2 protein chains.
Amino acid sequence: MTESPLFWPATLKGKTLFVLNETLIPKRLAYVKVRNTREAVNCIREMKTRAFGQFLVVLNTFLVELKNHPKATDQQLVSLIEKTAAALNKSRPTFPFAEVTSVVVGWAKQALSQKQPVRSIVERNTQGYLMGIRAKRLERVANIAKVIADGDSVLTHCNVSGELAMAAALCAQEKKRVQFFCTETRPYLQGAKLTAWELKRVGADVTLIADNAVGNVMARGLVNKVIVGSDRSCANGDFANKIGTYQIAVLAKEFGLPFYVLLQPSKKIKSGKDIPVEIRPADELLKFEGKKFINGNINGFYPGFDVIPHKYVTQQIAIDVRG
Amino acid sequence: MTESPLFWPATLKGKTLFVLNETLIPKRLAYVKVRNTREAVNCIREMKTRAFGQFLVVLNTFLVELKNHPKATDQQLVSLIEKTAAALNKSRPTFPFAEVTSVVVGWAKQALSQKQPVRSIVERNTQGYLMGIRAKRLERVANIAKVIADGDSVLTHCNVSGELAMAAALCAQEKKRVQFFCTETRPYLQGAKLTAWELKRVGADVTLIADNAVGNVMARGLVNKVIVGSDRSCANGDFANKIGTYQIAVLAKEFGLPFYVLLQPSKKIKSGKDIPVEIRPADELLKFEGKKFINGNINGFYPGFDVIPHKYVTQQIAIDVRG
C-alpha cells in the first residue's frame, strides 16, 4: 500500500525532528525542523502540523530533548521530561496532549524510583509506543476499507492524516469503485489542500465541495456515507473534531446516512461538555492564505473544533493510542 | 432610516445604468456602467450584481434600450423588447428572469395591439413597477423588524440586499438590543463582504463566522432565530437560495429555532424539484478573490443554489414582486 506523506508526518533524524509543513501542501512537500521544545510548541501552535502530526511531534520532542542533554543525570532527565511535558501541554487546548505526555513522564518517574536508567527506558518505550501506534493505524486503515462498499460515495471533512487515502488505495486494490467528496474546510482549507490532494495522489475519484454544499450533495443523493476523524474523545463516545463536523453529523441524521468516526477512545473525560474547545483568533477568519481580505474591524467568532454528541455516531472505527 | 447601498443597487442616469459592483465591497463603492443588453447580461453573469440587483438591472435594461433606439417604430420597439427579454432570460438559470421580462413584453405587446404608444407605456409602467417594488421592500423591512424581538440573536446567510441592515437600524431605533451572526458564504463570500459590512455600517452588533460554524453557534445557544433571503420560490413554498441555506434550515430544525425566509411568491413553478439550479464552474471553488489557490487538476462540484423544502420554513416574510 502506498503510504500518504500525511500518514506519518514527522521523522527523527539524528537530533532533528523533520515535521511535514502541512500548510504548504499541495504547493510543496517541505519539512519544518524541530530541534527543541520551543520549536515543537511553535510548530503546533501555528498549525504547521495538526491532528495526528501533533502526536508524533509530542513523543519525538522527548527524544530530541534527551539528545540535547547527553550528560544529564537521571534526576535531571526526569525534570527535563516534566518541563517538556508541561510546555507541550500548553501548546493548544483541544488535543489531549496531557494524556500522551503523562505516559512518558510516568515511565521516567518509574525508572527513577526503580533505579533503572531513565534515558534508555524512555527512549525504548517511546520508540515502542510509536511503533505500536503505527501498527494500530495501519490496522484502522484496513477497518476503514471494510466499511466502504463497492459503489459507495463517501463524504469526508477536514483531513484524517493519510488513513482515508490509504483506505481508498486498499479499496481500489480490492476492485471496489468508490467516490469521495471532500469539503474545503474553511478557514484553514485542510480539505481542499490536504484531503483532495492525498486522495487524488492515490488515484481516487475525489470531488471538492464548499463547506456550504454538504446539505446540497446529500439532498441530491450524491453521497451515502460520512467518515470523519477526531481530535479527542470522551468516555460516553462524544468527540471533538474540526469545526463543521457537528453540522455534517446533523445532516447525516436528517438524510439517514451512516456517520463513521475514526476515534481514539479515552476515559479521562466523561462527556463532551467537559472538552476544552480552542477559540482561535477571529482575525484568522478574515484572512485567506495568510492575507487579510476584509478591511475594517469586523468581529469574528472562530471556535476551532466542534464537540459532537455520541448520538449522531453510527459506528466508531477506533484504535487505542494510550501507552 | 439610513438606506443601505445594497437596498437599491442600480440607478439609471441619462442613458446609462449605474450598477453597484458588489464584488468590490467592502474595499470600495464602485459602479459598473451598463449601456446595453450585452453589458447587462455580462454584469449579471459575472455576478457583479446578484439577488435583488438582478431585478433592477433587468427592468432598467429595457429603459436603456428604449433610449438607445429613439427613432424605432412601435413594431420595432416590440421586437427590441422581445430580443432584450430573450437575452436577459439566458443570463443565469436560477433567478426567475422570465417572470420579470414577460411582464414588460406583455405591456409592449398589449400597447401595440391597442394602438397605444409602446415607448411611453413601457416607460411609465416600468417606472411604476420599480416604485411599487421599492415601497413593498420598505414595507418588508418593517416586517422583518417586527419578527425580531429585544434580546434576539439572528443568524443570516449570504446577503439580503440591504433589507436586514435596514431592519437592524429600525430595531435600534425601537431600542431593541439585537445581535447578528453572519456566515462568510463561500465561495463568493457575500456574508463576509456584504452582510457584515452593511450591518456594521448601520451600527449593528455583528459577528462573522465560517460557514462551518453554524452547527457550533447553534449548539452553544448563541443564536435563536434564522433569517435568510430567496432567489426564487414555488407554488408550494419551496424556495431557492444561496448554497448553504439548506443545511442551515436543517440545523434550525434540529435545534428548534424559527427559520424565516424573505420570499417573493410565485405560482409559475409547482415545487422545488422543478427549479433549475445553476451549476457554476468548479474552478471558482479553487479560487479565492479571483486567484487560484490550489495547484493541480482537482474536480469540484459547485451548485450555486440550494432548493429548500417548505417544511423547514417557520414563516415567510413575503412581498409580491409580480407586475
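Which residue of chain A comes closest to the rotation axis? I shall begin with that question and then turn to the parts of the structure around it. Please keep in mind throughout that this is a predicted model.

The residue is D211(A), whose C-alpha lies 3.2 Å from the rotation axis. Where does such an axis come from? In general, two copies of a chain are related by a rotation about an axis and a shift along it. Here, chain A is superposed on chain B by a rotation of 180° with 0.0 Å of shift along the axis, and the RMSD is 0.0 Å. The two copies are therefore related as by a two-fold rotation axis.

Let us now consider the interface. Chain A contributes 43 residues to the contact, and chain B contributes 42 residues. On the side of chain A that touches chain B, at least two residues each come from α7 (190-201), β6 (205-209), α8 (214-219), α9 (245-254) and β13 (299-300). The element that gives the most is α9(A), with 5 residues. By residue type, this side of chain A divides into 23 nonpolar, 11 polar and 9 charged. Why do we say that the copies meet through the same surface? The reason is that 98% of the interface residues of chain A are also interface residues in chain B.

Strands also pair across the two chains. Strand β6(A) runs parallel to β13 (residues 299-300) of chain B, and 2 bridges join them. On your screens you may find L208(A), which stands opposite G300(B) in β13(B).

I turn next to a sheet within chain A. It is an open sheet of 3 strands in the order β1-β2-β3, with antiparallel pairing. Its edge strands are β1 (10-13) and β3 (31-34), each of which pairs on one side only. Neighbouring strands are turned against each other by 25° on average, direction ignored. Between β2 (residues 16-20) and β3(A) there are 4 bridges, and V19(A) stands opposite V32(A) in β3(A). Helix α2(A) packs on this sheet and touches β1, β2 and β3 of chain A; its direction makes about 170° with that of β2(A).

Finally, how does helix α2 (residues 52-68) of chain A pack with helix α1 (residues 37-45) of chain A? The two helices pack at an angle of about 170°, with their axes 10 Å apart. Because of that angle, α1(A) is roughly antiparallel to α2(A). In this contact, T37(A), A40(A), C43(A) and I44(A) of α1(A) meet Q54(A), V57(A), T61(A) and E65(A) of α2(A). These residues divide into 4 nonpolar, 3 polar and 1 charged.

Definitions and conventions: Residues are numbered from 1 along each chain as its sequence is written. Chains are lettered from A and ligands numbered from 1 in the order in which they are written. This is a predicted model: local features need pLDDT of at least 70, side-chain atom pairs count only at pLDDT 80 or more; totals for chains, interfaces and linings use all residues. Axes are lines fitted to C-alpha atoms, for helices over the stretch in contact, and angles run from 0 to 180 degrees between N-to-C directions. Angles under 35 degrees count as roughly parallel, over 145 as roughly antiparallel, 65 to 115 as roughly perpendicular and the rest as oblique. Two residues are in contact if their C-beta atoms, placed from the backbone, lie within 7 Å. Ala, Val, Leu, Ile, Met, Phe, Trp, Tyr, Cys and Pro count as nonpolar, Asp, Glu, Lys and Arg as charged, and the others, Gly among them, as polar. Two strands pair if DSSP finds at least two bridges between them. Copies are superposed by least squares on the C-alpha atoms of residues with pLDDT of at least 70 in both.
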